[in-house]
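Please keep the sequence and the structure in view while reading.

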Amino acid sequence: VRMWRERKCYTEKLHSVVVIQSLCRGFLIRQRLALQHQSAALIQSTYRMYTQYTHYQNMRGAVCKIQHWYHSITTMYRERSQYQAVRQAAVRIQALYRGHRQRMVYQNICESTVIIQATVRM
């Protein structure tokens with residue numbers, strides 16, 4: 001009877017130890033699994049951040065290129081129109097000066113003709 005009681009006490013203690021060990025292992029496994037889930041979420045969010053950042057950088061580069069192209073085109077048109085205005089003004093001044101010079105030459109010829117005619121008629 002004594003041996004049976006000791007055997008029963010031993011099996012109860014052994015069962016208690018096994019239950020405690022299984023609970024402890026379960027807790028440790030759940031804790032490790034939670035850490036793995038947390039690590040996986042961190043890796044996924046970091047990867048998503050990296051892909052979004054590279055996409056953003058590509059879009060930003062494209063926007064900068066388009067803005068530079070647009071600025072170049074508008075500057076070219078503005079400078080071309082300014083050049084055309086200056087050129088037209090220069091052509092106008094040249095035309096006015098040439099007309100004035102021709103009138104002066106013609107007037108000089110007319111005066112010379114009158115003087116020659118007056119000299120011949122005298």
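## Burial and surface

In this predicted model, 2% of the 122 residues of the protein count as buried. The protein exposes about 12000 Å², and carbon and sulfur atoms account for 64% of that area.

## Fold and dimensions

The secondary structure of the protein consists of one helix and zero strands, and the helix, α1, covers residues 2-121. Along the principal axes, the C-alpha atoms of the protein fill a box of roughly 180 × 10 × 10 Å. The radius of gyration of the protein is 52 Å, whereas a compact globule of 122 residues would have a value near 14 Å.

## Charged side chains

The protein carries 19 positive and 4 negative side chains, and the centres of these two sets lie 7 Å apart. A search of the whole structure finds one salt bridge. Which residues form a salt bridge with their closest N and O atoms 3.4 Å apart? The partners are Arg 2 and Glu 6.

Arg 2 and Glu 6 are separated by about one helical turn, because they stand four residues apart in helix α1. The two partners fall into separate accessibility classes: Arg 2 is exposed, with a relative accessible area of 65%, while Glu 6, at 48%, counts as partly exposed.

## Cysteines

How many disulfides does the structure hold? The count is zero, and a pair of cysteine sulfur atoms would have to lie within 2.5 Å to qualify.

As for the accessibility of the cysteines, Cys 24 is partly exposed, with a relative accessible area of 41%, and Cys 110 is likewise partly exposed, at 31% relative accessibility.

Technical notes:
Residues numbered from 1 in each chain as written. Predicted model: local features only at pLDDT ≥ 70, side-chain atom pairs only at ≥ 80, totals over all residues. Heavy atoms only, no water. Helix = DSSP H or I, 4+ residues; strand = E, 2+ residues; numbered from the N terminus. Rg over C-alpha atoms; globule rule 2.2 N^0.38 Å. Buried < 20%, exposed > 50% of the residue type's maximum accessible area, 1.4 Å probe, protein only. Areas by Shrake-Rupley, 256 points an atom, 1.4 Å probe, with all protein chains shown as cover. Lys, Arg positive; Asp, Glu negative; His and termini not counted. Charge placed at Lys NZ, Arg CZ, Asp CG, Glu CD. Salt bridge = Lys/Arg side-chain N within 4 Å of Asp/Glu carboxyl O.
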